[in-house]
Amino acid sequence: MTFSDIFKSGFLENISAVSIPEMALALLLALGVGLFIFLVYKKTYSGVMYSTSFGVTLIALTMISTLVILAVTSNVVLSLGMVGALSIVRFRTAIKEPLDIAFLFWAIAAGIVLAAGMIPLTVIGSCLIGLVLLIFVNRKSHVTPYMMVIRTTDHAGEVRAVEAVRKNVKRMVLKGKSVSKGEVEMNFEVRLNGENTDFVNEINELEGVKSCVLVTYNGEYMG
C-alpha cells in the first residue's frame, strides 16, 4: 500500500462534511447566544472599570468554539491536528474578577454544545444560567459597606471618635489599628443608617481627631 492509497481508503471517504446552510445556521445561533451572554455580562458587571473588549471576546469565543467543533466533527484528520494545535495555546491575560471565569466557560461550553447539534440544550441552558446570574449577582441583600479611616492624636481622641461613629452608623467593625508617637490610625468597616454623611464632618471636628475619611468598600460583606 502506497502513501496515496492511504488517503484513498474508505476511512476518509466516509467522512461527512458540514453543509453551508448548516454552517451558517450554527454560526448565526452562536452569534445570538454570544450576544445574550454579552448582555448578561454587561448587566451583571459590578467591577471598577467595565471592559468592552471582554464582552466582545465572549461573543467571539462562542462563535470560535462552534467553528472548531464543526470542523472537528466533520473531519477526523483535522480533529487530530486541532488537538495538537490547541495543546500549545497559552493564555497570559490575568482574570481580575472571579465571575469572569464563569462567563468564559459559559461562552465556550455554549459554542461546543451548539456545534454538537444540541440547540434546545444550548438555548434553555443559556437562559437558565443567565437568569441565575441576573438574580444572584444583582441581588442586594446588604447595605453598602464603607471603610472609615480615623486619625487621632491620643487615646482620648480615639475614644471620642469611636463613640461618635457608633452613634451614627448601623454597624461597625474594627479592621485595623496603627499606633505611632502622637498618632493613632483606625480602620473601620461601617454600614450607614442612610445616605446622610454629615456625621463625618462632626467627627472630624472632635477634639483630638486629626482626620476622618469615608470611602466605599468593594470587598466581602460582614457576616
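Visitor: At what angle do the axes of helix α3 and helix α7 cross?

Guide: The axes of helix α3 (residues 20-44) and helix α7 (residues 119-137) cross at roughly 5 degrees and come within 10 Å, the axes being lines fitted to C-alpha atoms over the stretch in contact, with angles running from 0 to 180 degrees between N-to-C directions. That makes α3 roughly parallel to α7, a label for angles under 35 degrees. This is a predicted model, in which local features need pLDDT of at least 70 and side-chain atom pairs count only at pLDDT 80 or more, while totals for chains, interfaces and linings use all residues. Residues are numbered from 1 along each chain as its sequence is written, and side-chain values use heavy atoms, with hydrogens and water left out.

Visitor: And which residues of α3 and α7 make the contact?

Guide: From α3 the contact is made by L29, V33, F36, V40, K43 and T44, and from α7 by I119, T122, S126, C127, G130, L133, L134 and V137, where contact means heavy atoms within 4.5 Å. Sorted by class, the contact of α3 with α7 has 9 nonpolar, 4 polar and 1 charged residues, with Ala, Val, Leu, Ile, Met, Phe, Trp, Tyr, Cys and Pro counted as nonpolar, Asp, Glu, Lys and Arg as charged, and the others, Gly among them, as polar.

Visitor: Switching topic, how many salt bridges does a search of the whole structure find?

Guide: The search finds 4 salt bridges, each defined as a side-chain nitrogen of Lys or Arg within 4 Å of a carboxyl oxygen of Asp or Glu.

Visitor: What does E183 form a salt bridge with?

Guide: E183 pairs with R151, and the closest N and O atoms are 2.7 Å apart. The pair links distant parts of the chain, 32 residues apart, with E183 in strand β3 (residues 183-192) and R151 in strand β1 (residues 145-152); helices (H or I, at least four residues) and strands (E, at least two) are DSSP runs numbered from the N terminus. R151, E183 and K210 are linked in a network of salt bridges.

Visitor: Is E183 buried or exposed?

Guide: E183 is buried, at a relative accessible area of 17%, whereas R151 is partly exposed at 29%; buried means under 20%, exposed over 50% and partly exposed in between, using a 1.4 Å probe and protein chains only.

Visitor: Where are E189 and K175, the pair that links distant parts of the chain?

Guide: E189 lies in strand β3 and K175 in strand β2, 14 residues apart, and their side chains meet in a salt bridge of 3.1 Å, N to O. E189 counts as buried at 0% relative accessibility, while K175 counts as partly exposed at 47%.

Definitions and conventions. Parallel < 35°, antiparallel > 145°, perpendicular 65-115°, else oblique.
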